[in-house]
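Please read them with the model open.

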Amino acid sequence: MIDLRSDTVTQPTPGMRRAIAGAAVGDEQKREDPTVDELQRRVATLLGQQAALFVPTATMANQIALKLHSRPGDVLLADETSHVLVYEYGGAAAHAGLMSLGLTGVNGRISPEQIRGAAAPSTKIADQRVTVLSLENTHNNAGGRVWPLADLEAVVATAREVGLALHLDGARLLNAATSLGVPPATFTSRFDTVTLCLSKGLGCPLGALLAGSSELIERAWREKHLFGGAMRQAGIVAAAGVYALDHHVERLADDHARARRLAEALTDAGLAIDLERVESNFVQIDVAPLGLDRSAALTTLREAGVGLSATIHPTVVRAVTHLDITDEDIDRAAELIPRGLGIAAPVAAR
Ligand SMILES: Cc1ncc(COP(=O)(O)O)c(C=O)c1O
């Protein structure tokens, strides 16, 4: 099967496996793992932050960040379809005691006016307030959409003006930087905390980092223990991260080019795709015009030999390009997807 369900399905490459096998390791809880140290240093520099902390998952990085920025009873603001609100099992409430206020964004993006309105003082005298804003870039549920720098800057400025702490769920922030053609620090340095995931486009088996000021990351070490995320010879996996920074960042542009080529071929074949929305490694296909039910569509596609996945939108499925997808896979998927969805005579991929 050509597996386009997600960029989380990648297998470690032979080079990455060699890096893992040869990693220098130590007790990470004692801060004695040289490979973890190196990864943390490199990611902090890359993101324009003072420090970074290695954690097992991006979910844990997000949840630690939300806790750092709030007290129980505070309010978290985010786009209503963002990962922190939709897919983290209510962790903001469970771990930090946060109430959540989801704002209706456009392409995963919320506006300065929405933030100003939501952060207005509460009628409760005893200090019930919005304290933290979480943004996502690229935005998963919006279909891998990228924040234009000017829009992001305006939202950051407003959040600062009204006194909110700012977290970036940048699980795919390197895809965003690639799409924008800027160094990641151009936008990541503007946040108090930033999550970067290693197990998506970067192709690692697991791992994520939370970056921020030295003071916040020092507090994050304690939260990591509390979450049960403090590890021992974690350099075994951090080595994959170091390898990915050296070998798998520039190639994200290939994933984006392949997503675009697939999207164009599928559009030529008659599928409902908004090409303007293809900004990174996601292609969203609406199966409603074909009169198809989403789960039936996914099943027939799988039987045809290509794996796509569901999205938050009831009639939309998605194809996600990644490290294990070649140009030949794209050519083949451009034939198999229309055929699997019952469309005859597809046009070959450009
Ligand atoms: C935007 C975003 N943030 C966070 C996560 C969480 O990553 P993990 O499943 O590794 O915890 C994901 C996973 O898909 C994601 O898409």
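1. The lining of the largest cavity has seven nonpolar, two polar and two charged residues. In this scheme Ala, Val, Leu, Ile, Met, Phe, Trp, Tyr, Cys and Pro count as nonpolar, Asp, Glu, Lys and Arg as charged, and the others, Gly among them, as polar. A cavity is a set of points on a 1 Å grid over the protein atoms alone where a 1.4 Å probe fits but cannot get out, and a lining residue has an atom within 4 Å of a point.

2. Basis of the note. The model is predicted: local features need pLDDT of at least 70 and side-chain atom pairs count only at pLDDT 80 or more, while totals for chains, interfaces and linings use all residues. Residues are numbered from 1 along each chain as its sequence is written, and side-chain values use heavy atoms, with hydrogens and water left out.

3. Cavity size and position. A search of the whole structure finds one cavity of 30 Å³ or more, and the volume of the largest cavity is about 60 Å³. A volume here is the space filled by probe spheres set on the grid points, which are joined across faces, edges and corners. Among the residues that line the largest cavity are Ala-171, Arg-172, Leu-173, Cys-197, Lys-200 and Leu-252. Helix 8 (173–180) and strand 7 (193–197) are the elements that give two or more residues to this lining; helix 8 gives the most, with three. Helices (H or I, at least four residues) and strands (E, at least two) are DSSP runs, numbered from the N terminus.

4. The pocket. The largest pocket holds about 230 Å³ of space. A pocket is an open set of grid points with protein on both sides within 12 Å along at least five of seven lines. Its lining has 17 residues, of which His-83, Asn-140, Ala-171, Arg-172 and Lys-200 lie nearest the centre. By class the pocket lining divides into three nonpolar, eight polar and six charged residues, and helix 3 gives the most to this lining, with three residues.

5. The ligand. Where does the ligand sit? The ligand sits in the largest pocket, meaning that more than half of its atoms lie within 2 Å of the grid points. Residues around the ligand (a heavy atom within 4 Å) include Thr-57, Asn-62, His-83, Glu-136, Asp-169 and Lys-200. This shell divides into two nonpolar, five polar and five charged residues. Helix 3 (residues 58–68) gives the most to the shell, with three residues.

6. A ligand oxygen is 2.9 Å from a side-chain N or O atom of Asn-140. A polar side-chain atom of Arg-172 also lies 2.9 Å from an oxygen of the ligand. At Ala-58 a polar backbone atom is 3.4 Å from a ligand oxygen. The ligand taken alone exposes 390 Å², and the protein buries 82% of that (Shrake-Rupley areas, 1.4 Å probe).

7. Backbone details. The peptide bond from Asn-137 to Thr-138 is cis, with omega near 0°. Thr-138 is in the loop between strand 5 (130–136) and helix 7 (149–161). Tyr-89, a residue other than glycine, has a positive phi near 55° and is placed in the loop between helix 4 (83–86) and helix 5 (91–96).

How values were computed:
Polar contact = N/O pair within 3.5 Å; in protein donor to acceptor, adjacent residues only side chain to side chain.
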